[in-house]
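Dear colleague,

Please find below the structure that I am handing over to you, followed by an account of what was found in it.

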Amino acid sequence: PLAVPLAPGQAAIDVYDDGTVHNAMLHFGTRAGTVLPIGVGVGAVIVDPQGKIFLAKRGKEARNESGKWEFPGGGVEFGEALEQALVREVKEEYGFDIEVQELLDVVNHIIPDEKQHWVSPTFLCRVKNGTPRIMEPHKCDEIGWFELDEIPEEKLTIASRKSLESL
């Protein structure tokens, strides 16, 4: 992709040869000369008909928090509605369809060690069609369905721990 430069007060985007835009990030300034982007991502608390919750374990090549379990989701593309981004991300990464039901919370997902800040609305969702499978093995090591009291809270990503508190 062609990376559009990031400067104070501008947006950073990756533009692909086919004209699609990915990884839109806002930028609000610098600290000690370092660019500090703020990304917009979405998360899904997906519940199956038996009341179990879907989690994914982030792989070695995940953008951040490798090895942690999470409520799935991903980045919002330029011009994309939050709910559309969530449906697309789950389909791309896990091969099944979801129905977005309602907003659960909005989390500031700040990862100081990795100098990342994501604003992450998380939605309650249900399975609409299909069976989950790992579609991007470089980004995901494992998936599973968990009872609420079986979720490994200490092994969750920062954003997922915060959203778990909202359930």
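E65 is found in the loop between β5 and β6, where helices (H or I, at least four residues) and strands (E, at least two) are DSSP runs numbered from the N terminus. E65 has a positive phi of about 50° although it is not a glycine. Most residues other than glycine have a negative phi. With a relative accessible area of 9%, E65 is buried; buried means under 20% relative accessible area, exposed over 50%, and partly exposed in between, with a 1.4 Å probe and protein chains only.

Please note that this is a predicted model, in which local features need pLDDT of at least 70 and side-chain atom pairs count only at pLDDT 80 or more, while totals for chains, interfaces and linings use all residues. Residues are numbered from 1 along each chain as its sequence is written, and side-chain values use heavy atoms, with hydrogens and water left out.

The pairing of β8 with β9 is antiparallel and runs over 13 bridges; two strands pair if DSSP finds at least two bridges between them. Within this pairing, N108 has V119 in β9 as its bridge partner.

R126 forms a salt bridge with E99, the closest N and O atoms being 2.9 Å apart; a salt bridge is a side-chain nitrogen of Lys or Arg within 4 Å of a carboxyl oxygen of Asp or Glu. Because R126 lies in strand β9 and E99 in strand β8, the pair ties together parts that are 27 residues apart in sequence. R126 is partly exposed at a relative accessible area of 33%, and E99 is partly exposed at 31%.

By this rule the structure has nine salt bridges. One of them joins the side chains of R58 and E70, at 3.0 Å from N to O. R58 lies in strand β5 and E70 in strand β6 (residues 69-70), so this pair ties together parts that are twelve residues apart in sequence. R58 counts as buried at 12% relative accessibility, and E70 counts as buried at 11%.

Another salt bridge is formed by R88 and E77, whose closest N and O atoms are 3.5 Å apart. R88 belongs to helix α1 and E77 to the loop between β7 and α1, eleven residues apart, so that the pair links distant parts of the chain. R88 is buried, with 16% relative accessibility, and E77 is buried, with 18%. Salt bridges that share partners join E77, E80, R88, E89 and E92 into one network.

Turning to the aromatic residues, a search of the whole structure finds four aromatic pairs. Rings of Phe, Tyr and Trp (its six-membered ring) pair if their centres lie within 6.5 Å; planes under 30 degrees apart count as stacked, over 60 as edge-to-face and the rest as tilted. The rings of F54 and Y94 are edge-to-face, because their centres are 5.3 Å apart and their planes stand at 75°. Since F54 lies in strand β5 and Y94 in helix α1, the pair ties together parts that are 40 residues apart in sequence. F54 is buried, with a relative accessible area of 0%, and Y94 is buried, with 2%.

The rings of F54 and F96 have their centres 5.4 Å apart and their planes at 70°, so this pair is edge-to-face. F96 lies in the loop between α1 and β8 (97-111) and F54 in strand β5, so the pair ties together parts that are 42 residues apart in sequence. Both F54 and F96 are buried. Ring pairs link F54, Y94, F96 and W145 into a cluster.

Finally, the largest pocket holds about 740 Å³ of space. Of the 39 residues that line this pocket, the closest to its centre are R58, G73, G74, G75 and E93. A pocket is, on a 1 Å grid over the protein atoms alone, an open set of points where a 1.4 Å probe fits, with protein on both sides within 12 Å along at least five of seven lines; lining residues have an atom within 4 Å of a point. The volume is the space filled by probe spheres set on the points. Helix α1 supplies the largest share of the lining, five residues.

Yours sincerely
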